[in-house]
Amino acid sequence: MKVKNVLVALVALSCVPLGSARNKSAYPDENVAQFVVDKLDLTSLPSAFRPKREKGKKTLLDYGFQSRNVHENDAVITDANGANTLSLKVLGHTSTGIFVCIAQVGAKADTPASESVVLLKWNDSEGSLKVHASFREFAECPAIGGGDASEGSY
């Protein structure tokens with residue numbers, strides 16, 4: 001009888017990781033830019049890109065940003081008065097996060113005032129995407145003043 005109880009307990013415990021893995025939501029394969037726009041926590045952006053912190057505000061919608069152009073893998077968003085424009089380009093995603101090139105559009109739309117590659121991660125489907133530093137380089141988002149990412153900056 002005891003052996004049967006131990007066997008049942010072992011089987012139940014071995015199924016727990018499988019059940020919790022199903023609860024973790026995966027990143028979408030389509031409309032990734034819209035997903036980023038909907039879930040991005042602006043307060044976690046580097047200071048060059050985020051607006052001044054305001055109590056109770058976290059998302060683009062909270063801060064009054066509006067989506068001008070949202071496509072499969074890129075988006076252009078502006079704040080309510082049109083003074084601050086951000087460009088988001090999804091560079092790729094893995095099971096651990098989404099790599100995004102974020103750029104603040106300058107006075108001349110052809111050159112960004114600042115840009116950076118960030119890694120966006122989330123813990124659950126109810127949370128927001130948090131920005132994490134990324135040291136990975138992409139040719140689609142070279143550092144300002146730099147050339148192709150394959151040249152290496154160091």
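My entries below go from the whole chain to the strands and then to the rings.

**Ground rules.** I am working with a predicted model, where local features need pLDDT of at least 70 and side-chain atom pairs count only at pLDDT 80 or more, while totals for chains, interfaces and linings use all residues. Residues are numbered from 1 along each chain as its sequence is written, and side-chain values use heavy atoms, with hydrogens and water left out.

**The whole chain.** I began with the secondary structure and found two helices and six strands. The elements are DSSP runs numbered from the N terminus, helices being H or I with at least four residues and strands E with at least two. Along the sequence I read the pattern α-α-β-β-β-β-β-β.

Next I looked up burial (buried is under 20% relative accessible area, exposed over 50%, partly exposed in between, with a 1.4 Å probe and protein chains only). Of the 154 residues, 31% are buried.

I also looked at contacts, meaning heavy atoms within 4.5 Å. Among contacts with a separation of 6 or more, 41% come from residues 24 or more positions apart.

I counted two strands as paired if DSSP finds at least two bridges between them. Strand 2 (residues 74-78) and strand 3 (residues 85-93) run antiparallel, joined by five bridges. Here I found alanine 75 opposite leucine 88 of strand 3. Their hairpin has six residues between the strands, and glycine 82 takes a positive phi near 80° in this hairpin.

Strand 3 also runs antiparallel to strand 4 (residues 98-105), with seven bridges. Serine 87 has alanine 103 in strand 4 as its bridge partner. This hairpin has four residues between its strands.

**Rings.** Which aromatic pair did I note? It was tyrosine 27 with phenylalanine 35, edge-to-face at 6.5 Å centre to centre and 75° between the planes. Rings of Phe, Tyr and Trp (its six-membered ring) pair if their centres lie within 6.5 Å, with planes under 30 degrees apart called stacked, over 60 edge-to-face and the rest tilted. A search of the whole structure gave four aromatic pairs.

Last, I checked charges over rings (NZ of Lys or CZ of Arg within 6 Å of the ring centre and within 35 degrees of the ring normal). Lysine 57 lies over the face of tyrosine 63, 5.8 Å from the ring centre. Arginine 136 lies over the face of phenylalanine 99, at 4.8 Å.
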